[in-house]
Amino acid sequence: MSSDMRVPMDAESGAQDSGTGPAVESGTAPVAGGELYYETAGSGPALVLLHEGMLDLTTWDEQFVRLARAGHRVIRYDARGHGRSTQVDGDYAHHEDLRALLAHLDAPRATLIGHSHGARVALDSALAYPDAVAALVLAAPGISGRTFADPFLLHHIREQVAAVSAPGGVRLFIEHFLRMWVDGPHREPAQVDPVLRERIRATARATVTAHAESMGRGAAFEVGAAHRLAEIRVPTLVLDGDLDSTDISANAHAVALAVPGARRARIPAAGHMVHLENAAEFDRELAGFLRGAAY
């Protein structure tokens with residue numbers, strides 16, 4: 001479960017090719033006030049992979065390769081303020097960034113596969129630009145307009161905020177992130193795969209290191225999807241882990257209840273990192289959905 005699945009890049013073409021895996025093209029796309037770093041591979045119906053907050057596109061390493069090999073044009077990118085994309089420097093909207101990226105890549109319609117905050121962006125995009133979204137896959141979904149209520153999450157959010165001004169603040173800030181979004185409320189850190197935990201720690205540390213200076217420089221405008229879920233009219237699959245927080249479970253239930261025709265799949269033996277902890281079951285559900293979704 002390595003966090004570095006990069007393959008060698010040809011310096012002139014910008015394409016990557018391992019000799020055995022799919023060729024990968026990378027680049028940057030202009031957005032209002034900055035640029036997004038992206039990677040794309042494969043051909044066929046367009047799929048976009050959207051990562052969780054504080055992380056980056058590498059959390060989709062495994063699915064990126066598998067989906068490209070399965071006959072899809074797979075696009076993934078670092079959200080603004082994450083990874084190798086532009087730092088935040090003023091107000092913006094993630095769904096507008098995504099629309100600009102797809103225009104740059106000449107992908108007028110795509111299936112959006114979002115994890116956590118990425119699912120939040122996917123829902124906003126489906127409401128703001130319904131003609132551009134073919135289907136939705138929402139893993140451990142966030143929903144704009146819904147607030148946290150789980151005491152476990154609220155405790156660690158308070159501790160995370162306090163850590164910013166404390167000695168060793170970065171380490172503590174990231175540790176509380178791991179407690180919330182890797183361990184979850186039902187496990188202690190020692191009960192979680194140490195390789196997975198270290199992978200997410202390293203990715204979060206890289207994001208904080210690269211983008212800490214831009215924190216607070218702008219706000220992300222959102223659609224407020226919580227009160228508009230019934231407007232969504234595309235095939236929708238919701239996947240959540242049985243070891244995740246009650247807030248995420250409630251979000252998954254809300255989508256399944258409100259979006260016409262939506263289906264929810266509960267993934268066993270997985271917390272918030274549902275696509276990494278039980279990848280076999282997640283990928284099976286995803287593959288079945290993609291076969292049946294109408295593009």
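Modeller: Happy to, and keep in mind that this is a predicted model. Let's begin with H1 and H9: H1 passes H9 in a right-handed crossing.

Biologist: Which residues make that contact?

Modeller: On the H1 side they are Gln 63, Arg 66 and Leu 67, and H9 brings Ala 279, Phe 282, Asp 283, Leu 286 and Leu 290. Sorted by class, the contact of H1 with H9 has 5 nonpolar, 1 polar and 2 charged residues.

Biologist: And what are the angle and the distance between the axes there?

Modeller: Helix H1 (residues 61-69) and helix H9 (residues 279-292) pack at an angle of about 35°, and their axes are 12 Å apart.

Biologist: OK, moving on. How do H4 and H5 cross?

Modeller: Their axes come within 8 Å and the crossing angle is roughly 170°. Angles over 145 degrees count as roughly antiparallel, so H4 is roughly antiparallel to H5. The crossing of H4 past H5 is left-handed.

Biologist: Now H2 and H3, please. Why is H2 called roughly perpendicular to H3?

Modeller: The axes of H2 (residues 94-104) and H3 cross at roughly 75° and come within 8 Å. That angle makes H2 roughly perpendicular to H3. His 94, His 95 and Leu 98 of H2 make the contact with His 117, Val 121, Asp 124, Ser 125 and Ala 128 of H3. By class, this contact of H2 with H3 has 3 nonpolar, 4 polar and 1 charged residues.

Biologist: Switching to pockets: what is the volume of the largest pocket?

Modeller: About 1,200 Å³. The largest pocket is lined by 42 residues, and the closest to its centre are Gly 53, Met 54, His 82, His 117 and Phe 173.

Biologist: Nice. Which helices each supply at least two residues of the lining?

Modeller: H3 (117-128), H4 (151-163), H5 (169-183), H6 (194-211) and H7 (246-258).

Biologist: And how does the lining split by class?

Modeller: The lining of the largest pocket has 20 nonpolar, 16 polar and 6 charged residues.

Definitions and conventions
Residues numbered from 1 in each chain as written. Predicted model: local features only at pLDDT ≥ 70, side-chain atom pairs only at ≥ 80, totals over all residues. Heavy atoms only, no water. 1 Å grid on protein atoms, 1.4 Å probe; cavity = no way out; pocket = protein on both sides within 12 Å on 5 of 7 lines; lining within 4 Å. Points joined across faces, edges and corners; volume = space filled by probe spheres on them. Helix = DSSP H or I, 4+ residues; strand = E, 2+ residues; numbered from the N terminus. Nonpolar A, V, L, I, M, F, W, Y, C, P; charged D, E, K, R; others polar. Axes fitted to C-alpha atoms, helices over the stretch in contact; angles between N-to-C directions. Left-handed = near helix turned anticlockwise from the far one by under 90°. Contact = heavy atoms within 4.5 Å. Parallel < 35°, antiparallel > 145°, perpendicular 65-115°, else oblique.
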